[in-house]
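Please look through the structure shown here before reading on. The paragraphs below are meant to be followed with the model open beside them.

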Amino acid sequence: MPPIPPPSVDLDLRLVRYFVAVAEHRHFGRAADALRIAQPSLSRQVRRLEQQVGARLLDRTPRGTRLTEAGEVFLPRAQALLRAAAEAAAHARSAGESDVLTVGYTLGIIVTPAVRELRDRLPDADVRAVHLKWNESRDALLDHRVDAAVTRQPLRTQGLEVTRLYDEPRVLVVPLDHRLAGKESVTLDDLGDEPMPVVRDAAWNAYWRIDPRPDGRPAPDGPVVEELEDKFEVIADGRAVAIVPLPRTHALRPDLTTVPLEDVGPTPVLLVTRAGDRRRLVTEFRRTARTLLTSPA
């Protein structure tokens with residue numbers, strides 16, 4: 001007799017997306033904030049997915065959330081499933097002239113003027129803006145989750161078309177009681193052995209930590225962080241300082257302050273699309289962004 005095929009499982013992609021968010025944030029609260037849903041609802045949805053899969057995927061711990069052995073196996077397949085679904089929808093849209101444009105933006109970047117202008121000029125188009133994590137822009141474009149992104153360096157540009165929109169100063173962030181707080185400006189030499197937070201991305205560490213320094217010295221390592229909120233927390237409690245784009249007033253915690261850097265150049269804000277994408281809405285957004293997104297809002 002031929003082998004009996006395994007029973008089919010109908011996975012709800014929305015629930016898969018919720019699980020991936022929790023797995024990537026390693027925290028239900030932060031994932032709920034990113035997804036813009038209530039934490040109790042997120043917990044219920046993840047339990048529903050675990051029932052569909054037939055295995056426990058996540059364990060809560062005092063320090064956050066960790067993947068079970070089943071979760072470790074499921075996570076890369078769940079991420080691939082979401083990418084495949086996004087690519088399928090995107091390629092279907094690309095088969096014709098889509099009237100949907102999704103614009104991604106990273107923290108502290110405002111794309112509203114260009115999005116509103118395009119909506120006003122093309123009322124039949126569905127123009128959307130979605131927030132992306134600090135290191136997500138390239139993958140979001142190549143996975144067809146967004147059609148354009150406005151983001152910062154460092155960025156691997158293979159397969160992408162990149163336009164420089166404007167520059168932002170880079171500044172040092174320190175706690176209010178730090179020895180450098182209140183200075184008119186500082187240099188990299190003034191930092192001495194001040195540790196800087198580390199992320200799990202070598203290119204980002206090199207660019208934002210200025211590592212190595214111009215004289216060849218390595219930047220001192222501080223705590224490993226996952227999110228910007230984690231970075232600000234370790235700075236506020238005195239364990240690190242960091243170099244960031246000049247934040248607008250409301251974007252910085254009240255227990256932190258910035259100090260201008262004399263010998264660190266600005267960081268460019270980039271408009272990025274997939275290379276060769278000449279669809280009408282993408283072309284219109286490129287033109288509109290180059291006209292309206294010329295400085296921090």
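What follows is a walk through a sheet and its helix, a pocket, and a single leucine in this predicted model.

Strands of a sheet pair through backbone hydrogen bonds, either parallel or antiparallel. Here 3 strands form an open sheet in the order E10-E7-E11, with antiparallel pairing. Strand E10 (242-245) and strand E11 (256-260) are at the edges, and because each has a single partner strand, one side of each is left without a neighbour in the sheet. On average, and with direction ignored, neighbouring strands of this sheet are turned by 45° against each other. Strand E7 (residues 170-175) pairs with E10 in the antiparallel sense over 4 bridges, and within this pairing Val-173 stands opposite Ala-242 in E10. Helix H9 (residues 228-236) packs on the sheet, where H9 touches E7, E10 and E11, and the direction of H9 makes about 55° with that of E7.

The second largest pocket, to which we turn next, has a volume of about 210 Å³. Its lining consists of His-25, Arg-26, Arg-30, Arg-63, Arg-200, Val-224, Glu-226 and Asp-230, which by class amounts to 1 nonpolar, 1 polar and 6 charged residues.

Leu-35, finally, lies in helix H2 (residues 28-35). Leu-35 counts as partly exposed because its relative accessibility is 24%. If its neighbours within four places in sequence are left aside, Leu-35 is in contact with Tyr-18, Ala-21 and Leu-42. His-178 is 143 residues apart from Leu-35 along the chain, and the C-alpha atoms of these two residues are separated by 35 Å.

Technical notes. Residues numbered from 1 in each chain as written. Predicted model: local features only at pLDDT ≥ 70, side-chain atom pairs only at ≥ 80, totals over all residues. Heavy atoms only, no water. 1 Å grid on protein atoms, 1.4 Å probe; cavity = no way out; pocket = protein on both sides within 12 Å on 5 of 7 lines; lining within 4 Å. Points joined across faces, edges and corners; volume = space filled by probe spheres on them. Nonpolar A, V, L, I, M, F, W, Y, C, P; charged D, E, K, R; others polar. Helix = DSSP H or I, 4+ residues; strand = E, 2+ residues; numbered from the N terminus. Buried < 20%, exposed > 50% of the residue type's maximum accessible area, 1.4 Å probe, protein only. Contact = heavy atoms within 4.5 Å. Pairing = 2+ DSSP bridges. Axes fitted to C-alpha atoms, helices over the stretch in contact; angles between N-to-C directions.
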